[in-house]
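Please look over the structure shown here before reading on.

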Amino acid sequence: MADRRIEVVGGKKLEGELKIQGAKNSILPLLSGTVLCRGESVLHNCPNLTDADAACRILNCLGCKCRRENGSIIVNSKELPNTDVPPELMQEMRSSIVFLGAIIGRSRYCKLSFPGGCELGPRPINLHLLALRQMGIKIKDEGGYLDCSAPNGIHGARISLSIPSVGATENIVLAAVTAKGVTEINNAAREPEIVDLADFLNKCGAKIAGAGSGTIIIEGVEKLGGAEHAVIPDRIVAATYLCCAAITRGELMLRNIDCSHLSAVIPVLEQMGCSVYPYKDRIYINAKKTLHPPHKIRTSAHPGFPTDAQPMFMALASTLKGTTVFVETIFSNRYRHVPELARLGARISTDDRVAVVEGVNKLTGAAIKATDLRGGAALVTAALYADGLSKITGIEHIDRGYDDIVGNLSAIGATVKSIEN
């Protein structure tokens, strides 16, 4: 594959209207959920992402028939002849671990290697494994592989998570929907993507109650059928484009969103001085006034400020006169974008999970490299403000979560293009 980069000439105010893609963090568990459905499922509003492509390759490897048609993905999982996922597919994305709950829920056996993905610090899957063991699943961890079986079937259990892990919640739900009896998850993750997964599975015949709250109850059913479902809008992509509009002091209308999913993001933008008008399925931002930095941004589990939006807000804060303190509570290595922002002229100091941003009057274009998905989006955001040309490499990370970011930014006035060497 040829080396690719994104080139941005900063200094242009963004103005216009964009339609927001389907959520990356929803499409992956939804695709894994189709493994449980003994029939055909149709997922609409599917973003064109490399992570989604990797999930489709996993489905095809398992023996499902998976194809794309006009923004939708159709999966026929009537047969599931294979239960092992090759290591090279598992290594492509961290979220591949969500196939564990689905495969074991369908076949009562699977063998997976440990997943890959962005290096954001330790993200142990011990919570997943502990919970699944409580449900009668035997798991052997040998040589980098997870050998899982449930020779006596899967049974419901009362599970209390030590932290509201999204991945663990998804895996438990997927394993529990066809288990015997009732499963109760306490301190469950509350993210909108959890609700989306439950809504899809319920359409397929599952009995899940409480998704979006701290307690989820799943009553096991014998089997699931296929269903038709539209993926929810991507709240992190929406937050990214809101930051892009704000950093360029522009104005933007975003369509196909759920403003309730941005409840932690909108107040921060308003504190900065942006005029934000949320509607039912769209949001308008005007950042043409003088903006000022928020005092502190602390990430936390939903409904708190999302860790995935932190890098883009850091890029924005670096252009606002004054000081902003960021406290990252989710991942221990979420500041890998800081040295690259510094190449553009940002003044940011870090100490463990705390970052102090001193706003500057000017950023200058430079050669910078994305090292993870959201950090890459932050570099694009900052480059839109910087004087001159920025050349961003490592964009394979950005491709994991953004459907045609270059085309979208070009459509609202950015001077940006994708270059292949």
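The sections below describe a sheet, a strand with its partners, and a pair of helices.

## Basis of the report

This is a predicted model, in which local features need pLDDT of at least 70 and side-chain atom pairs count only at pLDDT 80 or more, whereas totals for chains, interfaces and linings use all residues. Residues are numbered from 1 along each chain as its sequence is written, and side-chain values use heavy atoms, with hydrogens and water left out.

Helices (H or I, at least four residues) and strands (E, at least two) are DSSP runs numbered from the N terminus. Two strands are said to pair if DSSP finds at least two bridges between them.

## The sheet of β6, β8 and β7

An open sheet is formed by 3 strands in the order β6-β8-β7, with antiparallel pairing. Because β6 (109–113) and β7 (138–142) stand at the edges with a single partner strand each, one side of each is left without a neighbour in the sheet. On average, neighbouring strands here are turned by 15 degrees against each other, direction ignored.

Between β7 and β8 (residues 145–149), the antiparallel pairing extends over 5 bridges. Within β8, Cys148 stands opposite Ile139. Helix α4 (residues 99–107) packs on the sheet and touches β6 and β8, where contact means heavy atoms within 4.5 Å. The direction of α4 makes about 160 degrees with that of β6; axes are lines fitted to C-alpha atoms, for helices over the stretch in contact, and angles run from 0 to 180 degrees between N-to-C directions.

## Strand β12 and its partners

Strand β12 (residues 215–219) is joined to β10 (residues 182–186) by 5 bridges, and the two run antiparallel. Ile185 stands opposite Ile216 of β12.

Strand β11 (residues 207–209) also pairs with β12 in the antiparallel sense, over 3 bridges. The bridge partner of Lys207 is Glu219 in β12. β11 and β12 form a hairpin with 5 residues between them, and Gly210 in the turn has a positive phi of about 95 degrees.

## The helix pair α8 and α12

Helices α8 (residues 235–247) and α12 (residues 373–385) pack at an angle of about 20 degrees, their axes 8 Å apart. The two helices are therefore roughly parallel to each other, a term for angles under 35 degrees.

Their contact is made by Ile236, Thr240, Cys243, Cys244 and Ile247 of α8 together with Arg374, Ala377, Thr381, Ala382, Leu384 and Tyr385 of α12.

Technical notes. Parallel < 35°, antiparallel > 145°, perpendicular 65-115°, else oblique.
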